[in-house]
Amino acid sequence: MLNKLMGIVPNASEHGLPVEHMLEICHWVMLMLFLGWGTFFLYTIIRFRESKHPKADYYGVTGHVSSHAEFVVVLVEAALLLGLAFPLWGKRVLDIPPEQGEVMRVRAIAEQYAWNFHYAGADGKFGSQSSSLVSPSNPLGLDPSSVEGKDDVVSKNELHVVVQKPIVLEISSKDVIHALAIPHMRVAQDAIPGSKVPLWFRPIRSGKFEIVCGQLCGAGHYAMRSHLVVEKQDEFDTFAKELSDLQHPSASSK
Ligand SMILES: [Cu+2]
């Protein structure tokens, strides 16, 4: 209910419902804290108003109830963080589907202000890259002599994936810190220059969804939008073939 009020977009990913549930609980707890502290704040400004207390009391509270209460709060928060939040986060983020099997791997490379998506092609292996080869026509610095890179394709601002198939995105950045956020899939991950961070999900609904940059990365941050297209396997194959014909004209003429 609170999620709806906050304008949450519909879920389209397998792990989305527990995430939503967690969000809903967090929103309720935050609302309770806000109301509690708001009431306490109003109480103090009325209770200790100047007309009733013209002179300040320099001694304040003398009992130990508040320090004991604070200690309990710290204990409860530590238990929530170490016992609940860290294990849940670890289970969600670190349990990446194994290398082999029905998994799609795509590299997502951020730049000011666009997302580049690098597909490994039919061999499932990414070709080698070099920063010295980066140019406007080769934004990812793909090595044309790399054998494994012969069938690689790159798409800009449009990520295509197959419905029901787990997808592992390897996220990195060419310049500043960005973040790949797909609200419908209930995922977000910072893109950090120099490191490749995996992010995975399994789309359960076909359609076109918005990908946004989740870190304020510069003047054009607002324009750093892309689309995630979740489609059937044959539709994806057509998309990949079209890109391949465009980017490897010699291979397709054979
Ligand atoms: Cu960005």
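This is a predicted model: local features need pLDDT of at least 70, side-chain atom pairs count only at pLDDT 80 or more; totals for chains, interfaces and linings use all residues.
1. Histidine 178 sits in strand S6 (residues 178-182), while cysteine 217 belongs to the loop between strand S9 (207-213) and strand S10 (226-231). The pair is 39 residues apart and links distant parts of the chain. Both histidine 178 and cysteine 217 are buried.

2. Which atoms hold the copper ion? The protein donors are ND1 of His178, SG of Cys213, SG of Cys217 and SD of Met224. They lie 2.0 to 2.5 Å from the copper ion.

3. The geometry here is worth a look. The arrangement is tetrahedral because the four donor atoms around the copper ion subtend angles of 91 to 124 degrees. For comparison, the ideal angle for four tetrahedral donors is 109.5 degrees.

4. Now to the largest pocket, which holds about 930 Å³ of space. Its lining is made up of 25 residues, and those nearest the centre are His15, Val19, Arg92, Val93 and Arg186.

5. Which elements supply at least two residues each to that lining? They are helix H2 (16-47), helix H3 (65-94), strand S7 (187-191) and strand S8 (197-201). Of the contributors, H3 gives the most, with six residues.

Conventions:
Residues are numbered from 1 along each chain as its sequence is written. Side-chain values use heavy atoms; hydrogens and water are left out. Donors are N, O and S atoms within 2.8 Å of the metal (3.2 Å for Na, K and Ca); water is not among the atoms, so sites may look incomplete. Four donors count as tetrahedral if all angles lie between 85 and 135 degrees; four count as square planar and six as octahedral if opposite donors are over 155 degrees apart and all others between 65 and 115; anything else is irregular. Helices (H or I, at least four residues) and strands (E, at least two) are DSSP runs, numbered from the N terminus. Buried means under 20% relative accessible area, exposed over 50%, partly exposed in between (1.4 Å probe, protein chains only). On a 1 Å grid over the protein atoms alone, a cavity is a set of points where a 1.4 Å probe fits but cannot get out, and a pocket is an open set with protein on both sides within 12 Å along at least five of seven lines; lining residues have an atom within 4 Å of a point. Grid points are joined across faces, edges and corners, and a volume is the space filled by probe spheres set on the points.
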